[in-house]
Amino acid sequence: QVQLVESGGGLVQAGGSLRLSCVASGSTYRMGWFRQAPGKEREFVSAITSTGLTYYADAVKGRFTISRDNAKNTMYLQMNSLKPEDTAVYYCAGGKIVTINPMNPQMYDYWGQGTQVTVSS
């Protein structure tokens with residue numbers, strides 16, 4: 001069982017930046033970020049494989065950048081030009097196997113507890 005711990009959330013004004021981190025207790029092939037706003041379903045944000053393949057939701061392309069340090073089992077999400085609609089709890093997730101659909105939350109085996117990101121207008 002791999003444990004995931006997120007950090008870096010907080011309150012920021014629109015147009016600002018935040019950097020989220022996720023530390024894993026072990027290695028996983030694929031790591032991703034999902035988010036869930038109040039009253040909405042959990043949605044895919046971004047993912048990265050151990051080989052460096054990256055995936056982004058259309059809503060964050062050009063604003064968010066995902067990266068990982070395999071040696072440290074750590075993943076990052078640099079979020080720039082934040083908008084109020086980015087407000088949500090952000091969850092880190094880890095997946096063990098290759099998939100053609102990294103945006104599907106069912107393709108992930110491990111989840112963190114979440115970190116709140118609030119963007120004020």
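Before you start, note that this is a predicted model, in which local features need pLDDT of at least 70 and side-chain atom pairs count only at pLDDT 80 or more, while totals for chains, interfaces and linings use all residues. Residues are numbered from 1 along each chain as its sequence is written, and side-chain values use heavy atoms, with hydrogens and water left out.

**Exercise 1.** Find out whether Lys61 and Asp58 are buried or exposed.

Solution. Start with the pairing: Lys61 forms a salt bridge (a side-chain nitrogen of Lys or Arg within 4 Å of a carboxyl oxygen of Asp or Glu) with Asp58, and their closest N and O atoms are 3.2 Å apart. Next, look at accessibility: both residues, Lys61 and Asp58, are exposed. Here exposed means over 50% relative accessible area, buried under 20%, and partly exposed in between (1.4 Å probe, protein chains only).

**Exercise 2.** Work out which residue forms a salt bridge with Arg35.

Solution. The partner is Glu43, with 2.6 Å between the closest N and O atoms. Now check each side: Arg35 is buried, at a relative accessible area of 6%, whereas Glu43 is partly exposed, at 37%.

**Exercise 3.** Describe the salt bridge between Arg63 and Asp86.

Solution. First, the distance: the two side chains of Arg63 and Asp86 meet at 2.7 Å, N to O. Then, the accessibility: Arg63 counts as buried at 10%, and Asp86 is buried at 1%. Finally, zoom out: Arg35, Glu43, Arg63 and Asp86 are linked in a network of salt bridges.
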